[in-house]
Structure formats: C-alpha cells, structure tokens
Amino acid sequence: MSTADIRSRFLAHFEAAGHTAVPSASLLADDPNLLFVNAGMVPFKPYFLGQETPPYSRATSVQKCIRTPDIEDVGKTTRHGTFFEMCGNFSFGDYFKEGAIEMAWNLVTKPVEHGGFGLDADRLWPSILHGDDEALELWMQATGLPAERIVKLGKRENYWSMGVPGPGGPCSEILYDRGPSYGPDGEFATTERLAMPTELEDRYLEIWNLVFMQDELSAVRSKEDFDIAGALPKRNIDTGMGLERVAFLLQGKENMYEIDVMFPVIEKAEQLTGKKYGAHHEDDVRFRVIADHIRSSMMLINDGVTPGNEGRGYVLRRLARRVVRSMRLLGYEDPCLPELLPVSRDKMGETYTDLFTNWERISTVAYAEEDAFRATLRAGTTIFDVAAGEVKGSGGKVFSGDKAFQLHDTYGFPIDLTLEMASEQGLQVDEEGFRRLMTEQRERAKADAKAKKGSHRNTDSYRAIADTMGGTVEFTGYDTVVDEG
Ligand code: ATP
Ligand code: MG
Ligand code: MG
Ligand code: MG
C-alpha cells in the first residue's frame, strides 16, 4: 500500500466519522517555545488550551513534523526520521477514550478491501498507563483481547503533558509485534514497566499514540512527578500515528527509510557512489541518513528556512551538510544535492505539489549551501587530516582543543563537524580545551567592544550558537528554543 494511499485512508476514515480534514500547517511553528512543529496537535494548541474556540469539534490531519532530538537515531533505529508525517484525529470536548480507542482499532484492523490497513489483530498490542482501568476496560471491549495482552507502562511513556501547568492525561499506544527475529518476547505485557525496554522497541513497533487529555495540572516537575489539580472542564483527544511507520509495515520493508517515498533517494545514492545498500552496516546507516536528511532539508527550505548559524537555519545547515559528508564517506566527492534533491522532490511532490512551484528557490538555496560547505571542507580537511594523523601516529587518542579551535576560527569548521570527523578516526576531541579557548576569545571580543564603545562588531556567528548551546554540543537543544537569559 503506497504512503499516499495510507494517508488518504486515514483521512477518509476520520472524515466518515464526522471529522473536518485540516491541511498540514507549516513546519515553522507559530509558537515561541517551539522551533518546529513536532506533533500533529501543535497547530491545534490554542483549542486544547481553551484560548480559542475551535470551528469544529472533531478534526483530522496529516501534519508535517520535524524532531531534531531524534537526529542521532536516524538510520540506526528502524523508525526515527528528522522529518516525518503524523496522522492524527482530534476531539475538542467531543468524544473521549471510548471513541478514540474504537476508531483507531477499527482503522488498523479493518480489511484492506474495506478501506482499512488490514493489520493482524494477533500482532497488535495496545498499551495503557498502569492504573488507567477505564482504558483497560475499553481496550478489552473494543478488541476482545484479554487483560494480559494489554501492556501496562509507567508515566514516563504513557502520561502526556506539555511540561508546564495546563492540560495533561494518560496515553495509550498501539504497538505492532514484528516477530521474534526482531527481539525477545519474554514477559512482555504482564510486567508493569516504567517504559518500553530498548531491546523490545524494534520488535514491538509503536505506531500510534492516543492521548486522553483529562487532567488539569498545577505543577509539572518531571515526566513522572506532577500535581493533578482536578479534572479538565472539557476532555479532549489528541492522537498521532506515524505515517512512515505504518507504511514500512504495510510495504513489507525493514525500516521507514525504505518506503516508496524515501527509497528512491537511496537508489540514486547507490548509483552515484557505486556502493550497495545492504552490504555493510555502516554504509547502510549513511544511506539512510542521506534519504532522511535530503527530505528534511527540502521540506524545511520549502517552508521558508534558509541555512544559517543559529536556530532553524542551523538545523537546516547541519542536515544538508550531513548529506554531503555522508556521500563523501560513501566515496562520492562531486556536488550531490543536484543529483539527490530532485529525486526526493519527485516523490514528495506527489503530495506536496508546492515543492514544484517553489523548486527554483529550494534548489538555489540548497545548492548554494553545498557549494559553501565544499569550500569549507576544502580549506580545513587537510589541516584536520594532518592533525589527526599526528595524534594517531604518536599513539594518542585525543584531538587537541587548540586544533579544534584553529579549525573553527580560521577555517569555519563548526565544532560538531570536527567532533564527527574525529570520531570517524576513533579520536576524541578535547572539548573542554576548545570551550575554554572559545570563552577566552569571547571575553577578548567583549573587552574589545567595550573599548570601542558603540562600534557594533559583527561577532563570529558560531559564538551565538555556542552561547545558546550552554556549553554542550548536543544537537538536541534545537527542538525547543533555549532560554538564553
Ligand atoms: P518513539 O517512542 O518510537 O520515539 P514517540 O513516543 O516519541 O515514538 P509520539 O510522540 O508518541 O512518538 O508520536 C506519535 C507517533 O508519531 C508515534 O507513535 C510514531 O508512530 C510517530 N513518530 C514519532 N517520532 C517519530 C520519528 N522521529 N519518525 C517517524 N515517526 C515518528
Ligand atoms: Mg520518540
Ligand atoms: Mg514512545
Ligand atoms: Mg509515543
């Protein structure tokens, strides 16, 4: 079943049940706390928070999402994209747990010839928040499954909130058992667990998350520690089903990067590099990163992001540059975006036709970024290689902070590039040393600026990123806007 078919079946199923189909909002969240839309509910937040009155009581959508914290998982797990589409159905004070459970179960198990996904009920495992007896009962009624077939998970996994006082509530998930070759079964459902053990996540694939918004939270200290002040005056439903996850199951693929709208990029990369997908684990990860990041970069530019050194622009820059580096590591040194990007456009453009109308802008921005990155690499790679060679030659393991700083300061190598390249050589970077030099430079610049009062020197843009990173180089800070105060 094509991804497009899954998308339209989802919408049709919920439209038939009285939901208004709402087009995807832009990836650029209209929300000061979010860099990108990372879930289907984001555009509906004002309704859930009671700030605005919805023009409908039921809605359904397939929302474009970006999750930058998942970047490290891309290509390594079977199921994490930086860009993905979340299919959702929403109830604003209308139906609650019973309706949400029935409609979801119905769609996944309904035979293909009747408009459903035709998944085998024997392989599906609902999960609940342990203690949510209401949900347990409703799942048993809707599915005919015994209580032991319903997984009980803790708050970390199955309680939703926005991390601040406001609405919250228990969740249920639908997991799909891919079979014993993907992991152990053991005491899967009978044990009460805080969260899904990692070794089970590839076997029991989470495809759908149902949030039952019912509580008013007065304080949230952590995922497990919060105060429920009372019941919400209006109870809501917010669900999210991963389009690519269902697609890879229904298309009989191993992971989301192999589905119809993504795999052609891998094929193109195979053709360009002469390497085979499926031959070596490390190369395969690179192929999958390429397929994911090409698509994410394209969708970001389409929604108006341009590469830069901060915030959204930096996310785009990092994604695009990772494609270029991954292609080089697979042995392809020529400009690759002009080869790969149109392949992704042709697939994604079947749904997002604006990719064609915006193509000139998208391609110009993307290709210019590759050119700029190629120039950076040309300037700094030899310096890096010589330095790395010296460290290894002397039996060392640590790439000095001095060198990392020099690469950054003179050749414009962002620290994450140095980190990535060093780790490929089996080296660590003296990040502390690097940070110290960065701080010293910053102090000098400040003193300088003070001395030349009023002259606004344009400080190195990377410094701005280092500042927002609070001294860490983890990419994960970009999903939410970091408080710079
Ligand atoms: P996981 O535990 O697998 O990381 P999640 O619990 O973080 O998923 P939710 O926040 O519940 O995901 O999002 C709802 C649905 O969106 C998930 O059930 C999944 O099908 C899909 N989804 C979430 N993150 C991704 C991603 N990075 N790539 C593709 N699909 C995703
Ligand atoms: Mg996740
Ligand atoms: Mg999960
Ligand atoms: Mg979830």
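Predicted model: local features only at pLDDT ≥ 70, side-chain atom pairs only at ≥ 80, totals over all residues.

Visitor: How many disulfides does the rule give?

Guide: The count is zero.

Visitor: What makes Cys 65 and Cys 336 buried?

Guide: Buried means under 20% relative accessible area. Cys 65 has 0%, so it is buried. Cys 336 has 1%, so it is buried too.

Visitor: Why is Arg 9 called buried?

Guide: The same cut-off applies. Arg 9 has a relative accessible area of 16%, and the limit is under 20%, so Arg 9 is buried.

Visitor: Where does Arg 9 sit, and which backbone oxygens does its side chain reach?

Guide: Arg 9 is in helix α1, residues 3–16. Its side chain reaches the backbone oxygen of Val 112 at 2.8 Å. It also reaches the backbone oxygen of Gly 116, at 2.9 Å. A polar contact needs N or O atoms within 3.5 Å, so both distances pass. Beyond its neighbours within four places in sequence, Arg 9 has contacts that include Met 1, Leu 107 and Phe 117.

Visitor: Now Glu 369. How do you know that it is buried?

Guide: Glu 369 has 5% relative accessibility, so it counts as buried. This residue lies in helix α13, residues 359–393. Leaving out residues up to four places away in sequence, Glu 369 touches Pro 307, Arg 317, Ala 320 and Arg 321.

Visitor: What makes helix α8 largely enclosed?

Guide: Count its residues. Eight of the eleven in α8, residues 263–273, are buried, so the helix is largely enclosed by the rest of the structure. Among the buried ones are Pro 264, Lys 268, Glu 270 and Thr 273. The cover includes α9 (281–302), α10 (311–329) and α11 (337–348). Just after α8, Gly 274 takes a positive phi of about 75 degrees.

Visitor: Which residues of helix α4 are buried, and what do they pack against?

Guide: In α4, residues 133–143, the buried residues are Ala 135, Leu 136, Leu 138, Trp 139 and Thr 143. They pack against α3, β4, β5, β7 and β8. Just after α4, Gly 144 has a positive phi of about 75 degrees.

Visitor: Why do residues three or four places apart in a helix point the same way?

Guide: An α-helix has 3.6 residues a turn, so such residues point the same way.

Visitor: On to Tyr 257. Is it buried or exposed?

Guide: Tyr 257 has 0% relative accessibility, so it counts as buried. Its place is in the loop between α7 (243–250) and α8. The Tyr 257 side chain reaches the backbone nitrogen of Gly 75 at 3.0 Å. Its contacts include Asp 73, Arg 79, His 80, Arg 288 and Asp 292.

Visitor: And why is Met 241 called buried?

Guide: Met 241 has 0% relative accessibility, so it counts as buried. It is found in strand β9. Met 241 touches residues including Ile 6, Phe 10, Cys 87 and Trp 208. The C-alpha atoms of Met 241 and Asn 89 are separated by 9.1 Å, although the two are 152 residues apart along the chain.

Visitor: Last, ligand 1. Which residues are closest to it?

Guide: Asp 70, Arg 79, His 80, Glu 206 and Asn 209 are the closest of the 15 residues around ligand 1.

Visitor: How do you know that His 80 makes a polar contact with ligand 1?

Guide: A polar side-chain atom of His 80 lies 2.7 Å from an oxygen atom of ligand 1. The limit is 3.5 Å, so the pair counts. An N or O atom in the side chain of Arg 67 is 3.0 Å from a ligand 1 oxygen. A polar backbone atom of Gly 242 is also 3.0 Å from an oxygen of ligand 1. The protein covers 85% of the 590 Å² of accessible area that ligand 1 has on its own.

Visitor: Which element gives the largest share of the shell, and what classes of residue make it up?

Guide: β8 gives the largest share, four residues. By class, the shell around ligand 1 has five nonpolar, five polar and five charged residues.

Note on methods
Residues numbered from 1 in each chain as written. Chains lettered and ligands numbered in written order. Heavy atoms only, no water. Helix = DSSP H or I, 4+ residues; strand = E, 2+ residues; numbered from the N terminus. Buried < 20%, exposed > 50% of the residue type's maximum accessible area, 1.4 Å probe, protein only. Contact = heavy atoms within 4.5 Å. Near = heavy atom within 4 Å. Polar contact = N/O pair within 3.5 Å; in protein donor to acceptor, adjacent residues only side chain to side chain. Areas by Shrake-Rupley, 256 points an atom, 1.4 Å probe, with all protein chains shown as cover. Nonpolar A, V, L, I, M, F, W, Y, C, P; charged D, E, K, R; others polar. Disulfide = S-S within 2.5 Å.
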